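Subject: Structure handover

Hello,

Here is the structure I promised to pass on. Please open it first, then read the notes below it.

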Amino acid sequence: MRKFPLFILALIGFNLPMTTQAEETLYVSDELPTFIHRGPGTDYSIIGSLKSGDQVQLLNTDAETGYAQVRDYKGRVAWLPKNQLSKTPSVKTRIPLLEKENQELREKLTSIDSNWNNQTSEMQSKVAASDQTIANLTAENEKLKNELIRSGKKLEIAQINLDNNRRELILQWFMYGGGVAGAGLIFGLLLPHLIPRRKKRNERWMN
């Protein structure tokens, strides 16, 4: 007969106000160890404990006791205070993740620095090669300018020499023509005196 009141109390306990909701992933907070109970309260027996950062699935909540029914990573269904659950992983859980992420970021940064240094070195080499090419082209251009100046001077000297040769040739032809003309003039003046006058002889014969 004593079992009957206990059975009634158990039914009353399980009929306490509870909210049934879709399963939600939550994490145990840092206030640990957290004991889990068979029912929504400390009056129920402890069936184990959870560590900080353990992931659980929220099944139900009891608004009157403030307890939440969860399923842990071992598949156990138990109750624990809802204020010991969080939607974000605990600090202890996040530290290794943050350290891993930080290490990955450092590796990426090192890779970026290495790539940047390689690209910078390559660009500097290209710039140095371009500067050398520009210097070579500038020197060659200057050399061609000097050769052009020398060629221009040679052409000017050749032109002067050609003009001098032309003047000398014209002067020679002028002197030659003048000499021929003078010789012809002298020859024309002397020719009448060199040829006998036949007319006078004829006149003597007529007489």
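The notes below go from the overall layout to single residues.

Please keep in mind that this is a predicted model.

**Overall layout**

The chain has 207 residues, and 16% of them count as buried. It holds 3 helices and 7 strands. Read from the N terminus, the order is α-β-β-β-β-β-β-β-α-α. Take the contacts between residues at least 6 apart in sequence: 55% of these join residues at least 24 apart. The exposed surface comes to about 16900 Å², with 60% of it supplied by carbon and sulfur atoms.

**The core**

Which residues make up the largest nonpolar core? There are 11: L26, V28, I36, L50, V56, L58, A68, V70, A78, L80 and L85. Four strands each give at least two residues to this core: β1 (19-28), β4 (55-62), β5 (67-71) and β6 (77-81). As a general point, nonpolar side chains tend to be buried together in soluble globular proteins.

V56 then contacts E24, T25, L26, V28, L50, V70, R71, D72 and L85. Among them, L26, V28, L50, V70 and L85 are also members of the core.

**The β5-β6 hairpin**

Next, look at β5 and β6. They form a hairpin, with 5 residues between the two strands. G75 sits in the turn and has a positive phi of about 90 degrees. The pairing is antiparallel and runs over 5 bridges. Q69 stands opposite W79 of β6. Of the 5 residues of β6, 4 are buried, so this strand is largely enclosed by the rest of the structure.

**Strand β3**

I46 belongs to strand β3 (residues 46-50). What does I46 touch, not counting residues up to four places away in sequence? The partners are F35, I36 and H37. I36 lies 10 residues from I46 along the chain, and their C-alpha atoms are 5.7 Å apart. I36 is also part of the nonpolar core.

**Salt bridges**

How many salt bridges does a search of the whole structure find? The count is 2.

One joins the side chains of R76 and D72, at 2.6 Å from N to O. Is D72 buried or exposed? D72 is buried, because its relative accessibility is 6%. R76 has 24% and counts as partly exposed.

K126 is exposed, at a relative accessible area of 51%. E122 is partly exposed, at 45% relative accessibility. In general, side chains of opposite charge can pair when their charged atoms come close.

**A surface patch**

L169, W173, Y176 and V180 make a nonpolar surface patch of about 480 Å². V180 is in helix α2. With a relative accessible area of 46%, V180 is partly exposed.

Best wishes

Definitions and conventions:
Residues numbered from 1 in each chain as written. Predicted model: local features only at pLDDT ≥ 70, side-chain atom pairs only at ≥ 80, totals over all residues. Heavy atoms only, no water. Salt bridge = Lys/Arg side-chain N within 4 Å of Asp/Glu carboxyl O. Buried < 20%, exposed > 50% of the residue type's maximum accessible area, 1.4 Å probe, protein only. Core = buried A, V, L, I, M, F, W, Y, C linked by side-chain atoms within 4.5 Å. Contact = heavy atoms within 4.5 Å. Areas by Shrake-Rupley, 256 points an atom, 1.4 Å probe, with all protein chains shown as cover. Patch = residues over 30% accessible without salt bridge, like charges linked within 9 Å, V, L, I, M, F, W, Y side chains within 5 Å. Pairing = 2+ DSSP bridges.
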